[in-house]
Amino acid sequence: MRIGFGLVFALLTGALWGAIGSVLIGITLTLVTGLPGTPIVAAGALAGAAGAATISLRSAHLRSLGVAIASVLIAVLVLLATTKMQPFSIALSEAPIFQAIAIVLFGLGTSAGSWLCLKGIEPGSNSRYKRELLLVRVFKGVGFVFFTSIVVLPFYVMVMTSLKSQQQLLLSPMDLSVNFAQSPSELFRSYIELFTQFNFGRFLLISTIVSVFTVLITLIFSIPGAYAVSRLKFPGRDLLSRSVLLIYMVPAIVLVIPLYAVFSQLGLRNTLTGLLIIYPATTVPVALYMLQGYFKGLPPELEEAGLMDGLNRIGVIFKITLPLALPALASVSLYVFMIAWNEFLFAFMFLDDPNIFTLSRGVVSLNSSEVPRQHLMAGAVVATIPIMVIFLWFERFLVQGLTAGSVKG
Amino acid sequence: MTSHMPLGGEDKKKLPRPRKGLGPMAKKEAILAFQMLLPTFAIVFAIVLVPLLANFWISVKPVKLADLRAPAPVVSERVRGDMDVADTPFPIEYRLRGSSRAKPISDIVLLDTLPPGLSITALDPACTANGSNIRCEVARLEPGERKTLTISVTATAQFAAAPVSPRGSKPDISGFADNILTNSEFTLDNFKRIFSATEFWNVLWTTLTYTIVGTLGALLFGMFAAQLLNTSFVGRPILRGLFLFPYVAPVIAVAFTWVVLLDPFSGTFNAILVRMNVVDAGINFFGQRTAELNFFGLVVPFPMALSTVIAFEIWRYFPLSFLFILARMQSISTDMYEAAEVDGASPMQQFWHISLPQLLGILSTLFLLRFIWTFNKFDDIFLLTGGAAGTRTLTVDVYEQAFAISNLGAGAAVAVVIFVALLLFALFFFRFLNQEES
């Protein structure tokens, strides 16, 4: 077995995973337990390099489970040795179970990272292909860790902050642990106050009603339009089907000033009716675009058969086209619901009466220095959870719908 | 039989000519299509196109926020003397003034009804009476002018016993005032104002930086994330759903979460940085205009708040690029990759020569769409910083001028600039695309 640059790369890979592992796991430990620990990155890197060396020094096809286990053990041992049994700068006696779990996860994580990256890489010299493969694998691994962290961290902070009290927040901003010793009414105090004092139940209801009605109105407008653009011939059809999305070149802020003026004079400004006129205007073009793309993909023979059987166009739409287009309808409805639920600008500019606030407008009203931060985060959670649940439930439809038609182009 | 059969040239003029325009069937279809599209046209016309034109209109008029409420006459009614003494006249005074301090009101008509039991003894010369109904006319009220109309009434014995205040019935007053929105007063001051201020060029520069860096960043991150999830593995659907969170969550939720997360004193991110000994004290991510960075002795002013806002933009919108790029990637057939593997091409080479050319189409579409959307973005920056610390883009400037400084005309002028800039960009982009294709 020759030793060459392959070993150097392996050591670097191991060091990288060791560093990342110690930082991530150390920070997570602090966030979850509230202990004032600081991971020692250099020690982590050394431990990771040691673990990677264990893997690499065995020829690629000879790496068995035993090698993997040895790598984990060596990484853990090196970590403990180089940090004098204080891998997170705090004595092991504090929250020993959590620290033990953290140490084990460190060993498993860094060794797994090194193992996957070093698959097939020899300790001697490797071909250009293999070197680039290693580089790509490292990038991908780091990428996974990076993207998952940046997506998870804000939401974790959002939820955990809503469960804390004001003093706790100011005292220890890194303590995002959940104090299970509290009673549920203490833990969820922010939420209880939101619903009893800040009228959030009503906001929730109003947002739901506005979003559902927006979906209905949008569908009523866009289904006939999409059918016309996809199935009927008329002058200007191609231009229309390609340029319907150009409407979105007009910034919403440009519309706010005239609409504010006109709606004030018509008495529609501080009303939900006004919102229900504006929201469909912003969603109909994209709904039409998505639906006409899908309609075009449906075989026209069925509709022609229906026409020959004596159905008029409306009948064809209801009895033939719509049943076939259910996935597209579902994804369009979902997308429009999401747009209406999340909408901020017009709700903010137009609604003054707290009795008709939507959730967006309600949460913004929590952003004052008189309202504690945990209430703001609790409001954010209340606004996010429904749309997340709906989205996760119907995720496949949304992904299909948003990308249908783009794949062919 | 033979002599009537059409033969060659001589009978060409007897053959029916092809119709120009639409035949009756095609016409019916076109009318039906128009009917089906009518609601869409109507709502888009009313809510998007008309306000867009109205915005152009407002931008050339000196309109302030207060002008949205047209000047109107205001009246307050006072009763002097005693109502419960019979047969002694007491006056009722109507005090008029205009609601605007700058504009006159003309053709004012005041209507009121007196309660029964009061008889009119003397009428102000501007008023006439019809039984208990009073009608007063004032030709013109200058700005700031106050005018009092007095009517003297006498109570009967029954009224004096149980007086009903004449103030119970509110007077109806109407007048005509020049509405700045509809008169023919025009001005180019709004445009002069915004272009002459040096801060306009700062705002433009900020907008361009924000848009270009944000768009490119979202595309790059989206591509990276798509590469990660291109091969199937255990847990891929979970990760794919997870990566969409920043886009699906409401903007208020994520914006405020970022503000709390990056708070310089009580924010978790700063606490992590301090704990890991990266910095000594918390960084004011959203409040600091520039941070001085030391690069080997060279002091570089780094736009802190703007970069943080751009980072938020990339974080929030990379999922959309990721989704579209991933969908496109998964429709690329694996044959080419297999052939390249056989030929010994390395992963980087495969990406550069096979994946990238196929993605150029979706990448350019995404660039166009994201550029336009990011250029028009308002909610995010407004919620994160309110436009402070060097993050004021053109859209935030519209809000600032129209509602914070209350100059609707200037706000509309900035909105015109935004629209024209986007139009130019779209034109250049399509010309560039056409050149590329040919």
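1. Where is the place of Leu52(B) in chain B? Leu52(B) sits in helix α1 of that chain. The structure is a predicted model, and the points below go through its chains, their contact and a few single residues.

2. The surroundings of Leu52(B) involve both chains. Apart from residues up to four places away in sequence, Leu52(B) touches Val250(A), Val254(A) and Leu255(A) from chain A, and Phe419(B) from chain B. Its relative accessible area is 10%, so Leu52(B) is buried, the cut-off being under 20%. Ser364(B) is 312 residues from Leu52(B) in sequence, and the C-alpha atoms of the two are 27 Å apart in space.

3. Chain B contains 14 helices and ten strands. Its radius of gyration is 36 Å, whereas a compact globule of 438 residues would have a value near 22 Å. Taken along the principal axes, the C-alpha atoms of chain B fill a box of roughly 115 × 110 × 45 Å.

4. Among contacts in chain B with a separation of 6 or more, 72% come from residues 24 or more positions apart. The accessible surface of chain B is about 23000 Å², and 62% of this belongs to carbon and sulfur atoms.

5. Chain A has 19 helices and zero strands. The radius of gyration of chain A is 29 Å, well over the 22 Å given by the globule rule for 409 residues, so chain A is more spread out than a compact globule. The C-alpha trace of chain A spans about 80 × 55 × 35 Å along its principal axes.

6. Buried residues are 51% of its 409 residues. For contacts in chain A with a separation of 6 or more, residues 24 or more positions apart account for 76%. Chain A exposes about 18200 Å², with 70% supplied by carbon and sulfur atoms.

7. Chain A has 25 positive and 16 negative side chains, with 12 Å between the centres of the two sets.

8. The contact between the chains involves 96 residues from chain B and 102 residues from chain A. About 8600 Å² is buried between chain B and chain A, and carbon and sulfur atoms give 81% of that area. On the chain B side, the residues that lose the most area to chain A are Met36(B), Val248(B) and Arg275(B), which together make up 8% of what that side buries.

9. Is Lys61(B) buried or exposed? Lys61(B) counts as buried because its relative accessibility is 0%. This lysine lies in the loop between α1 (24-59) and β1 (73-79) of chain B. Leaving aside neighbours within four places in sequence, Lys61(B) is in contact with residues including Ile180(B), Leu181(B), Asn183(B), Ser184(B), Glu185(B) and Phe186(B). The list also holds Thr187(B), Asn190(B) and Gly409(B).

10. Most residues other than glycine have a negative phi. Asp107(B), however, has a positive phi, near 55°. Asp107(B) is in strand β3 (residues 105-113) of chain B, and at 52% relative accessibility it counts as exposed.

11. Ser406(B) also has a positive phi, near 65°, in a residue other than glycine. Its place is the loop between α13 (394-404) and α14 (408-437) of chain B. With a relative accessibility of 26%, Ser406(B) counts as partly exposed.

12. In chain A, Leu153(A) can be located in helix α5 (residues 128-162). Thr28(A) is 125 residues from Leu153(A) in sequence, while their C-alpha atoms are 10.0 Å apart in space.

Terms used: Residues are numbered from 1 along each chain as its sequence is written. Chains are lettered from A and ligands numbered from 1 in the order in which they are written. Side-chain values use heavy atoms; hydrogens and water are left out. Helices (H or I, at least four residues) and strands (E, at least two) are DSSP runs, numbered from the N terminus. The radius of gyration is taken over C-alpha atoms; the globule rule is 2.2 Å times the number of residues to the power 0.38. Contact means heavy atoms within 4.5 Å. Accessible areas come from the Shrake-Rupley method with a 1.4 Å probe; for residues, only the protein chains shown count as cover. Buried area is the accessible area (1.4 Å probe) that two parts lose on being put together, summed over both. Buried means under 20% relative accessible area, exposed over 50%, partly exposed in between (1.4 Å probe, protein chains only). Lys and Arg count as positive and Asp and Glu as negative; His and the chain ends are not counted. The place of a charge is taken as NZ of Lys, CZ of Arg, CG of Asp or CD of Glu.
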